[in-house]
Amino acid sequence: YYPRRSMATVTEDGNVVQIECGDVRVEVKEQREDGIGWQVWPASLAVIEYLVENKDLVKGKRVLDLGAGCGAVSLALVQLAALQVTATDRPEVSPLLAANVAEADVVVVPWLWDSEVAAELQVEFDLVIACDVTYHQHLLASLSRALLAVCTANTKILLAHHDRRILPWREQLEEMFDVWHIHKSELQWREKGVLELFFVCRRCHKHCSDAETARKDDSTDLGALLKRIALLEA
């Protein structure tokens, strides 16, 4: 973990937020007075930065943005050449999300995590983005069930966690998923604190020593990490 200056630049003009990072340029409107789901959170910047630096995670892939909020990450996924981008959030947040991505090739699906899974979500996603979805303890079990509902054994999950308070989110996920820590950075916009990125995949019930080692070994070497995940799925 080496703190570094953010690659992304943010410009705010009233309720409009513009984010630039490398070749990615996105613009979304907020409705901050309506609550937490209607605004851009700092974790979005960290996720966009990471994906810009690791474009192969997205290029040509079917990607789900879970808890997409205003849609900043969804728009970045389109610009990073994802094959298909689906964005989902609560029904009351979805109109703003849909308006922000209206001119992009994004499928918007209103969804409450513990409700019936819509047909648009019953596809084999290659990657699921879960950005700042671990902030309420009472939603952790619902988050686990939602990830189980939309992920196959081959789906990779990129989860961004803002360390605001001590919550047992990782312990909860590890009951059904394998979790690897991959990145840590200091937040530099709107909030202070530590932002951590994790790779998550459905638990593979293997008992070989190599697989057990792979589960326990957190790493920031993306190539090596993906090889270890492939070992668990083999």
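Modeller: We can go through some strands, then a helix, the cores and the cysteines. Please keep in mind that this is a predicted model.

Biologist: Okay, how do β1 and β2 pair up?

Modeller: Strand β1, residues 9-13, and strand β2, residues 16-21, pair in the antiparallel sense over 5 bridges. Within that pairing, Glu12 stands opposite Val17 in β2.

Biologist: And what sits in the turn between β1 and β2?

Modeller: The two strands form a hairpin with 2 residues between them, and Gly14 in the turn has a positive phi of about 65°.

Biologist: Which strand does β2 join through 6 bridges?

Modeller: That is β3, residues 24-29, which runs antiparallel to β2, with Gln18 standing opposite Glu27 in β3. β2 and β3 also form a hairpin with 2 residues between them, where Gly22 in the turn has a positive phi of about 60°.

Biologist: Switching to helices, is α2 mostly covered or mostly uncovered?

Modeller: Helix α2, which spans residues 72-79, is mostly covered, since 6 of its 8 residues are buried. Those buried residues are Ala72, Val73, Ser74, Leu75, Ala76 and Leu77.

Biologist: What follows α2?

Modeller: The helix is followed by Ala81, whose phi is positive, near 70°.

Biologist: Now the inside: how many residues does the largest nonpolar core have?

Modeller: The largest nonpolar core has 49 residues, and those with the most contacts inside it are Ile19, Val47, Leu51, Ile129 and Leu158. Helix α1, residues 42-53, gives the largest share of this core, with 8 residues.

Biologist: What is Val47 in contact with, if we skip its neighbours within four places in sequence?

Modeller: With those neighbours left aside, Val47 is in contact with Val73, Ile129, Cys131, Leu158, Ala160 and Leu197. Val73 is also one of the buried residues of α2.

Biologist: Last topic: how many disulfides does the structure hold?

Modeller: It holds 0 disulfides.

Biologist: Why does Cys21 count as buried?

Modeller: Cys21 counts as buried because its relative accessible area is 1%, and the cut-off for buried is under 20%. Cys201 likewise counts as buried, at 1% relative accessibility.

Terms used
Residues are numbered from 1 along each chain as its sequence is written. This is a predicted model: local features need pLDDT of at least 70, side-chain atom pairs count only at pLDDT 80 or more; totals for chains, interfaces and linings use all residues. Side-chain values use heavy atoms; hydrogens and water are left out. Buried means under 20% relative accessible area, exposed over 50%, partly exposed in between (1.4 Å probe, protein chains only). Helices (H or I, at least four residues) and strands (E, at least two) are DSSP runs, numbered from the N terminus. A disulfide is a pair of cysteine sulfur atoms within 2.5 Å. A nonpolar core is a set of buried Ala, Val, Leu, Ile, Met, Phe, Trp, Tyr and Cys residues joined through side-chain atoms within 4.5 Å. Contact means heavy atoms within 4.5 Å. Two strands pair if DSSP finds at least two bridges between them.
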